[in-house]
Amino acid sequence: KLFIKDLHFDEVPVRIYLPRVPSGSKRRGVIFFHGGCGMFGSIRSHERICRYIARKSDSVVVSVGYHLSPEHKYPAQTLDCLTATVHFLKTAENYGVDSDRIILCGDSVGGTFTASVCQELVNRRDIPKIRAQVLIYPFLQALNFNLPSHQKNAFVGFLSREHTVRFILKYLKKDCSMKEAILAGSHVPEKMNLKYRKWIYPDLIPEIFKLGYKPPLPTSFLPQVHEETTELFETRFSPLLAEDTVVCRLPDTCIITCEHDVLRDDGLLYKKRLEDNNVKVTWYHMEEGFHCALGFFGYGIFSFPSSSKMVNHTVNFIK
């Protein structure tokens, strides 16, 4: 049912999935960024998901094989995603795609890249606007690792609270001995905490998601750790820190969060920010879902109900 081609968009590897059935009009396009902490995953790991989206939504899907860390140092991954997106926006018609109907989509760090690329493109006048974005359990901020979802899911499999920070440090090629300081919040100066608490703060999480939450003990600021980890405060790395002047211009958004996920509250906080800025948000919350569930999609008995639900919610939103 699909033509599948491996290409390069300005030296970034991509795989493009084109429905074989002729279309009376130009199709919509979907650009997909796979998850995997920026260090794992590939076009192949998300092959089933991209094929399904292309078939079920009758869209042309472009899966981006961005270069992985540590061989390619951050921000190479985000820049690859940005490059591939701009290339497709400019050449969409060559693939039978309406350039005004292009949607960005990603899971986990792919959701980070989706949010970041959308933010970077809001001021571009030379290319068509992104129509919508889909963020599937995205990572969106590295300031606070003591939100209710971090506490509740601290030891959940696939992505524990500790693993999250360890992966961040490995992704950025930093010394992993800073892990405990970052978990405690010692990398953030008080002035910065005060500035961003309007966007990143436990009180902004709906009460239903705060059962059993205990505020963490105060911690002392460690300037050396802050100096070593300045990338964490870039909007490219922590899209939740973008100013309202950027957020208010973002496209329609679909956010999928999972109950059993340390990153759940990143999605909830971004949802609130978008809504506060009058961006249209469609939100799906998977009560039985967990981080990485999407990766099990299409594996028969090894798949999970939440895996299929996530992909089908994505398809329905795209349509």
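Begin with helix H5 (161-171), which gives the most to the lining of the largest cavity, with 4 residues; helices here are DSSP runs of H or I, at least four residues long, and strands are E runs of at least two, numbered from the N terminus. A cavity is a set of points on a 1 Å grid over the protein atoms alone where a 1.4 Å probe fits but cannot get out, and its lining residues have an atom within 4 Å of a point. The model is predicted, with local features needing pLDDT of at least 70 and side-chain atom pairs pLDDT 80 or more, while totals for chains, interfaces and linings use all residues. Residues are numbered from 1 along each chain as its sequence is written, and side-chain values use heavy atoms, without hydrogens or water.

The largest cavity has a volume of about 220 Å³, a volume being the space filled by probe spheres set on grid points joined across faces, edges and corners. Select Cys 37, Val 109, Thr 112, Phe 139 and Ile 168, the closest to its centre of the 17 lining residues. Helix H3 (109-121) also gives two or more residues to this lining, which by class has 11 nonpolar, 5 polar and 1 charged residues (Ala, Val, Leu, Ile, Met, Phe, Trp, Tyr, Cys and Pro count as nonpolar, Asp, Glu, Lys and Arg as charged, and the others, Gly among them, as polar).

Next, select Arg 44, Ser 45, His 46, Glu 47, Arg 48, Ile 49, Gly 295, Phe 297 and Tyr 299, which line the second largest cavity. Its volume is about 40 Å³, and its lining divides into 3 nonpolar, 3 polar and 3 charged residues.

Note on methods: On a 1 Å grid over the protein atoms alone, a cavity is a set of points where a 1.4 Å probe fits but cannot get out, and a pocket is an open set with protein on both sides within 12 Å along at least five of seven lines; lining residues have an atom within 4 Å of a point.
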